[in-house]
Amino acid sequence: MTARPETLAGVAETDLSGTTALVTGSTSGIGRETALALGRLGADVMVHGRDEAAGMAVVDELAALGTDPTFQQADFADREAVENLAAALRAWTDSLEILHHNAGGLFRSGRLTEIGVEYTFQVNHLSAYLLTSELLSSLADDARVVTTSSGAHRGVTIDYEAIGSLESYSGFRAYQRSKLANVLFSAELAHRLEQTGQSITANAFHPGAIPASGFGRFLPGPLPRLLSGLQRLPMTTSVAEGAATAVYLACSRQVEDVSGRYFVDRAIKTPSRSSRDRNAQRRLWKRSAVLLDIDEPLAEAG
Ligand SMILES: NC(=O)c1ccc[n+]([C@@H]2O[C@H](COP(=O)([O-])OP(=O)(O)OC[C@H]3O[C@@H](n4cnc5c(N)ncnc54)[C@H](OP(=O)(O)O)[C@@H]3O)[C@@H](O)[C@H]2O)c1
């Protein structure tokens, strides 16, 4: 049996009683494991996803631990739904200690959302950006913002033309761009929080290749079945191991002052050259605000 994420992360003795966490995409996979681990440590968790039945099942498991969880449904392709999620969070708590941006996936067929943005980019990146902007004033002084990126962020740059078009669409390329956006976003957030004198940290991580999560379910034909068959290969990671880095970043004392970094297996790793480009980080931050038609968050630090 695989050890639990909190054990793997070395935080099994941490007491999160009285703290709150929002884990996006916690109806399944890495997010679900992270939510349950934080609940076992005592945190009250807001569970999020589109699948209400799956979300309520996680809530039931968390409630059985003696915590006070809640579920909020929101489709991350719909900006109004993200704003509603943020409003529900603000009504639930005015001091959020853990914000884990995790919802997302690899989507084979392309489409543009209502705001004219390529679907993967909006679901995997823009919604996390919007949610952060909406929740900045609800974050506790020592809050931690954790973003699930991927090793797939390597080998691409952000192509702003492709974000507004489906010409030559490739699901994997779109996924790679969105995961690069996760690293750029996390680094810029960390930079701006530091510039504005805040102690909130922001870090991104790669959870490993995890065929046992629900990751493959949006792929066509036999691919989901083939992907889950890879579970036995040695280079793959269990869902609990993937969640362990999220739990580590969310509450380990070892990283209480670490921000703006990229982690793999609970260790700092150097992300791609494109993700370390300060201009690209700043540009994504500014362009994301324009795409969403909102004021640039933490603009004073830009
Ligand atoms: N599995 C891997 O090998 C791997 C590797 C690197 C990175 N990752 C990253 O890990 C994160 C979690 O993936 P996973 O592997 O745990 O897959 P998963 O089991 O499919 O979980 C994805 C979560 O995201 C939510 N989600 C997907 N589309 C959404 C949408 N349009 N609106 C709102 N929520 C949405 C899903 O909830 P609903 O279905 O209820 O909407 C689900 O809770 C993703 O960001 C993924 O890119 C995974």
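User: What is the relative accessible area of Glu 296?

Analyst: The classes are buried (under 20% relative accessible area), exposed (over 50%) and partly exposed in between, with a 1.4 Å probe and protein chains only. Glu 296 falls in the partly exposed class because its relative accessible area is 21%.

User: At what pLDDT do side-chain atom pairs count in this predicted model?

Analyst: Residues are numbered from 1 along each chain as its sequence is written, and side-chain values use heavy atoms, leaving out hydrogens and water. The model is predicted: totals for chains, interfaces and linings use all residues, local features need pLDDT of at least 70, and side-chain atom pairs count only at pLDDT 80 or more.

User: Which residue meets Lys 286 in a salt bridge?

Analyst: A salt bridge needs a side-chain nitrogen of Lys or Arg within 4 Å of a carboxyl oxygen of Asp or Glu. The N to O distance in the pair of Lys 286 is 3.2 Å. Lys 286 lies in helix α10 and its partner in the segment after α10, so the pair ties together parts that are 10 residues apart in sequence. The partner is Glu 296.

User: How many residues apart in sequence are the parts that Arg 192 and Glu 296 tie together?

Analyst: The side chains of Arg 192 and Glu 296 meet in a salt bridge at 2.6 Å, N to O. Arg 192 belongs to helix α7 and Glu 296 to the segment after α10, so the parts tied together are separated in sequence by 104 residues.

User: Is Arg 192 buried or exposed?

Analyst: The relative accessible area of Arg 192 is 0%. Arg 192 is therefore buried.

User: Which helix holds Arg 40, the partner of Glu 6?

Analyst: Glu 6 and Arg 40 form a salt bridge through their side chains, at 2.6 Å from N to O. Glu 6 lies in α1 (residues 5-8), so the pair ties together parts that are 34 residues apart in sequence. Glu 6 counts as buried at 5% relative accessibility, and Arg 40 as partly exposed at 27%. The helix of Arg 40 is α2 (residues 29-40).

User: How far apart are the end C-alpha atoms of α10?

Analyst: Helices (H or I, at least four residues) and strands (E, at least two) are DSSP runs, numbered from the N terminus. The expected span is 1.5 Å times one less than the number of residues. For the 15 residues of α10 (residues 278-292) this should give 21 Å, and the distance found agrees with it. The end C-alpha atoms are apart by 22 Å.

User: Within what arc do the buried residues of α10 fall?

Analyst: An α-helix has 3.6 residues a turn, so residues three or four places apart point the same way. In α10 the buried residues are Gln 281, Leu 284, Trp 285, Ser 288, Ala 289 and Leu 292. They line one face of the helix, because the directions to them, seen down the axis, fall within an arc of 130°.

User: Which exposed residues does the face of α10 turned away from its buried side carry?

Analyst: The buried residues are covered by elements including α4 (79-92), α5 (119-135), α6 (160-163) and α7 (171-195). On the face turned away from the buried side, the exposed residues are Asn 279 and Val 290.

User: Which backbone oxygen does the side chain of Thr 20 reach?

Analyst: Thr 20 is found in strand β1 (residues 20-23). Thr 20 is buried because its relative accessible area is 10%. At 3.0 Å, its side chain reaches the backbone oxygen of Ser 95.

Technical notes:
Arc of directions from axis to C-beta. Contact = heavy atoms within 4.5 Å. Polar contact = N/O pair within 3.5 Å; in protein donor to acceptor, adjacent residues only side chain to side chain.
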